[in-house]
Amino acid sequence: MTIYFSEEYSTGIKELDHEHQFLIFTLNAIHFSLIDNPEVTIKKSHFDLLLKITKSHFRTEEEILERTNHPDKETHKKEHQKLEKELDEMTKNSDLLNKELINHFEKWFIPHILDWDSKIKIANQVYPPHNDSKAFKNM
């Protein structure tokens, strides 16, 4: 499944939106490598890059949730931890990964943006960030 960034996914926070766009770009690049040959496996190093970018993005979101004192910050963080654990478990015993892993990530990613990350957008509008937050440097 090819994913295209749209305004629907925008949080209104440039840093998060740029990270979402980069995650989509990386996910699509891996996905495109599988289109011609669905039996091809993905090198673990390619998926490790996606996982590293994702974890870094989660820390950015969590900082924003803390700064805005978002009421769902702990639940949101648990959602991140759940996916991280699932992906770590799926990748820990193999140097090659299959399309199932990418599909799992894709099925999680967009609903997470539309549900959880849209709440960051709302919180940012209701509780503006502190000016000293590095997470908001690009707003």
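Modeller: Helices (H or I, at least four residues) and strands (E, at least two) are taken here as DSSP runs, numbered from the N terminus. On that basis the chain has four helices and two strands, and along the sequence they follow the pattern α-β-α-α-β-α. This is a predicted model, in which local features need pLDDT of at least 70 and side-chain atom pairs count only at pLDDT 80 or more, while totals for chains, interfaces and linings use all residues. Residues are numbered from 1 along each chain as its sequence is written, and side-chain values use heavy atoms, with hydrogens and water left out.

The part I take is helix 3, residues 73-91. At 1.5 Å a residue, its 19 residues should span 27 Å, and the end C-alpha atoms are 27 Å apart, which agrees; the expected span is 1.5 Å times one less than the number of residues.

For burial, the cut-offs are under 20% relative accessible area for buried and over 50% for exposed, with partly exposed in between (1.4 Å probe, protein chains only). The buried residues of helix 3 are K73, H76, H80, L83, E84, L87 and T91. Seen down the helix axis, these fall within an arc of 100°, so they line one face of the helix; the arc is that of the directions from the helix axis to the C-beta atoms. On the other side of helix 3, K78 and K85 are exposed.

K77 also belongs to helix 3 and counts as partly exposed, because its relative accessibility is 33%.

N69 is exposed, with a relative accessible area of 52%. Phi of N69 is near 50°, a positive value in a residue other than glycine.

For the chain as a whole, buried residues make up 44% of the 139 residues. With contact meaning heavy atoms within 4.5 Å, residues 24 or more positions apart account for 74% of the contacts with a separation of 6 or more. H20 in helix 1 (residues 14-35) counts as buried at 0% relative accessibility. Leaving aside neighbours within four places in sequence, H20 is in contact with F5, Y9, T11, H57, E61, F109, I113 and D117.
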